[in-house]
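The following note sets out numbered comments on the model shown below. Please read each point alongside the sequence and the structure.

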Amino acid sequence: EEGDQSDAETRRITTQLRLIRRLLNAVIALITIGMALFTFPQVQAVGAGLLASAGIVSVIGGLAAQSVLGNLFAGVQLAFSNAIRVGDVVVVEGEWGTIGEITLSYVVVYIWDERRLIIPSTYFTQHPFETWTRKSPKVYGIVTMDVDWSIPVEKVRKEFHRYLETTELWDKRVASCQLTDSSGGYIQVRFVASAEDSSKQWNLRCDIREHMVAWVQK
């Protein structure tokens, strides 16, 4: 548990430092350009006229409402609210992947099949999304099977537990086999097993399904 918390804290700090660096670079660039431009008398005159104008407040308000600044503020909010961090496993728009980059305007999700999903930062502040690594990368894997009423459930349970002892994908935290439904001429058996992270959990689920199906057929 301490290792999981340490890993989450490290990813949180890394994410925030990256955002701070990008934000400082943007601010420094704007200040540098502004100072360079204001060395010209013509630009100074234009700036003074704008500042003296009563419409400057409405101009600033209009700019703040733009999507660019909206994404900028959302990016900073994401970093310091700890909502997502680089390395988090998430499900967004039905896609399972890992947070690979968090910029000042968008987030890049690395999809499991090596695609890249680029999403505006405002998405994560305005829509619900699923994260698998909020507190810990450890997750449960669930496999369900619809089988005939005549199957000996206790034997199924014993075989499931026996098989788990043979695979390194199982982290030995949780294992259960339960009959969760009975209708339509079938009974539903649910297998639950824990794994250290989402990648191992996926492989563990596939292995459990394949083994138990083959065992039942035999």
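Which residues do ring pairs link into a cluster? Ring pairs join Y123, F124 and F129 into a cluster.

1. Basis of the comments. The model is predicted, so that local features need pLDDT of at least 70 and side-chain atom pairs count only at pLDDT 80 or more, whereas totals for chains, interfaces and linings use all residues. Residues are numbered from 1 along each chain as its sequence is written, and side-chain values use heavy atoms, with hydrogens and water left out.

2. Overall composition. The protein chain contains 7 helices and 8 strands; these are DSSP runs numbered from the N terminus, helices being H or I of at least four residues and strands E of at least two. Of its 218 residues, 31% count as buried, where buried means under 20% relative accessible area, exposed over 50% and partly exposed in between, with a 1.4 Å probe and protein chains only. Among contacts with a separation of 6 or more, 61% are between residues 24 or more positions apart; a contact means heavy atoms within 4.5 Å.

3. Aromatic pairs. A search of the whole structure gives 4 aromatic pairs. One of them, Y123 with F124, is edge-to-face, at 5.6 Å centre to centre and 80° between the planes. Both Y123 and F124 are buried. The rings of F160 and F191 have centres 4.9 Å apart and planes at 40°, so this pair is tilted. For these terms, rings of Phe, Tyr and Trp (its six-membered ring) pair if their centres lie within 6.5 Å; planes under 30 degrees apart count as stacked, over 60 as edge-to-face and the rest as tilted.

4. The pair F160 and F191 in the chain. This pair links distant parts of the chain, with F160 in helix α6 (residues 153–164) and F191 in strand β8 (residues 186–195), 31 residues apart. F160 counts as buried because its relative accessibility is 0%, and F191 counts as buried at 1%.

5. Packing of α6 on α7. Two packed helices are described by the angle between their axes and the distance between the axes. Here α6 and helix α7 (residues 198–217) pack at about 135°, their axes 11 Å apart; axes are lines fitted to C-alpha atoms, for helices over the stretch in contact, and angles run from 0 to 180 degrees between N-to-C directions. The two helices are therefore oblique to each other, given that angles under 35 degrees count as roughly parallel, over 145 as roughly antiparallel, 65 to 115 as roughly perpendicular and the rest as oblique. On the α6 side, K155, V156, E159, F160, R162, Y163 and L164 take part, and they meet L204, D207, I208, H211, M212 and W215 of α7.

6. Is V90 buried or exposed? V90 is buried, because its relative accessible area is 0%, and this residue belongs to strand β1 (residues 89–92). Leaving aside residues up to four places away in sequence, V90 touches E95, W96, G97, I99, V109, F129, E130 and T131. V90 and Y110 are 20 residues apart in sequence and 9.7 Å apart in space, C-alpha to C-alpha. Over the face of Y110 lies R116, at 3.9 Å from the ring centre; a charge sits over a ring if NZ of Lys or CZ of Arg is within 6 Å of the ring centre and within 35 degrees of the ring normal.

7. Positive phi values. E93 has a positive phi of about 55° although it is not a glycine. E93 is in the loop between β1 and β2 (95–102) and counts as exposed at 58% relative accessibility. Phi of E114, also a residue other than glycine, is near 75°. E114 is in the loop between β3 (106–111) and β4 (116–120) and is exposed, with a relative accessible area of 68%.

8. A83 is placed in the loop between α4 (67–81) and β1 and counts as partly exposed at 24% relative accessibility. Its contacts, not counting residues up to four places away in sequence, are L78, D88, F129 and R134. A83 and R134 are 51 residues apart in sequence, and 8.2 Å apart in space, C-alpha to C-alpha. K138 is found in the loop between β5 (130–131) and β6 (139–148) and is partly exposed at 29%. K138 and S198 are 60 residues apart in sequence and 7.1 Å apart in space, C-alpha to C-alpha.
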